[in-house]
Amino acid sequence: MTNKINWKAFILPLVLGIGLWLLTPVKPAAISPTAWHLFAIFVATIIACVTKPLPMMATTLIGITVATLTGIFTMDEVTAGFGNSTAWMVAMCMFMAAGFIKSGLGKRIAYLFVKLFGKHTLGLAYALSAVDTVLAIGIPSNNARVNGIMYPIIDNLSHEMGSDPKQGTQRKLGSFLIFNEYEINNVTSGLFLTGLAGNMVALGLAKTQGITISWLQWFTAASVPGLISLLVIPFILYKVYPPEIKATPNARVWADKRLNELGKMAISEKIMLLTFLLAIILWLVGTSIGIDATTVSFIAVVILLLTGVITTKDLLNESFAWNILVWLSIIMLMSKKLMTLGFFPWFSSTLGHSLHGMNWILVLIILFLAYFYLHYMFPSVSTQISALYAGFLSVAIGAGVPTTLAALMLAFCGSIYLSTTPYSAGPAALLSGTGYVTNKEWWQLSALIGLVFNIIWLGGGLLWTKVLGLW
């Protein structure tokens, strides 16, 4: 029995791809036929990632096969493309995340924070925000943080406090904590390079345009807008979407009980903790001693394998990691080829000239806001980054925006635009469907926090990067 394929979803990618290919005779003179043909295949592949006749891994494999059969790539180039360091870093960080969940260290950290800071509801929100922040350093899957660790804890804690959607008592506590987790998860996703797989996708695409940014550079630039967001968002939600319960003394008792159930730290947790701390140190200082971020992630995974915290079977079960390794390698291979064939330089130069005379700061602001609000059209963070990031970056550079600043600001936007809709990414889909927050409330609160994010990350981000000397 064969699996069902959504053949209708192939129509738009094929129409656009073939249509662009047939326009080769009237293409811009500065672009070679090979570059134009790859552009046609690239567009068709990206559109197929949106319409989803097949999963992204399958559609990108089809795209690269067509590009090889038409002579744009050799098979040696294609196979070499799967050695992309950025794609492997994403996969390795996913394997590391499996160690967090399997060892139980993630839950222990959460219970400890609730026990220490959970006396009042606002303090509890900050405590849970701190947990997500710590986890985001080494878990690049916002799905894994929310689905595997944060939501089960918030749901159990809410029930313990008598807040249950099935009983109509969700506004007592759960609604506030759930929406706070949703927005804080978006903040922590942007605070660290390793906080979201999409961050590494974006910087991988930036690298194809000659821009390299380290883990420390990312964190330094994101630190101020990120930390301001961590302080401001819970407080704003506490005021505009207040919980009925203001004090939560039972939360500390509940957390203490859960910690007692976990017992003393297992050897696997201790190893996971030490490996995590080692990875953080190496991400911070690695470039100064010749160890890049991808190497650090390999070191961490090897330690976890050698000590038995995770097994080879755990690695094989991480289907998302292998999936992203394939499609990201292919997207970046195509993007790099478009760069070397001169397409992106032409695109950047042409649009840059059309914006001649416009202040580059204004251009960056327009691009940032457009990139943010376009996410209303995308149900996936990685799909939008794959489809738009390289093009937006080219336009920014062509308009005179400093290259590192352009790459970072647009990459940051790829995290905070997750605050737009109930379908913005996996965590939004999960949390919006729990019954704690109504659909109307979700849209209203998302619109408000979206404005706050743009003020902090765009306005504050520009001011902070000026202090850092990025422009």
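**Close-up 1. Helix 19 and helix 20 make a right-handed crossing in this predicted model.** Helix 19 covers residues 381–398, and its axis comes within 10 Å of the axis of helix 20, with a crossing angle of roughly 155 degrees. That's over 145 degrees, so the two helices count as roughly antiparallel to each other. On the helix 19 side, look for Val-381, Tyr-389, Phe-392, Leu-393, Ala-396 and Ile-397. They meet Thr-403, Ala-406, Ala-407, Leu-410, Ala-411 and Gly-414 in helix 20. Sort the residues of this contact by type and you get 10 nonpolar, 2 polar and no charged.

Close-up 2. A polar atom of the Ser-419 side chain lies 2.7 Å from the backbone oxygen of Ile-416. Leaving aside residues up to four places away in sequence, Ser-419 touches Tyr-182, Glu-183, Asn-186, Phe-372, Ser-446, Gly-450 and Phe-453.

**Close-up 3. Asp-164 is a buried loop residue between helix 8 and helix 9.** Helix 8 spans 142–160 and helix 9 spans 174–191, with Asp-164 in the loop between them. Here the relative accessible area is 15%, and Asp-164 therefore still counts as buried, given the under 20% cut-off. Not counting residues up to four places away in sequence, Asp-164 touches His-159, Thr-169 and Gln-170. For a sense of scale, the C-alpha atoms of Asp-164 and Val-78 are 52 Å apart, with 86 residues separating the pair along the chain.

Conventions:
Residues numbered from 1 in each chain as written. Predicted model: local features only at pLDDT ≥ 70, side-chain atom pairs only at ≥ 80, totals over all residues. Heavy atoms only, no water. Polar contact = N/O pair within 3.5 Å; in protein donor to acceptor, adjacent residues only side chain to side chain. Contact = heavy atoms within 4.5 Å. Axes fitted to C-alpha atoms, helices over the stretch in contact; angles between N-to-C directions. Helix = DSSP H or I, 4+ residues; strand = E, 2+ residues; numbered from the N terminus. Parallel < 35°, antiparallel > 145°, perpendicular 65-115°, else oblique. Left-handed = near helix turned anticlockwise from the far one by under 90°. Nonpolar A, V, L, I, M, F, W, Y, C, P; charged D, E, K, R; others polar. Buried < 20%, exposed > 50% of the residue type's maximum accessible area, 1.4 Å probe, protein only.
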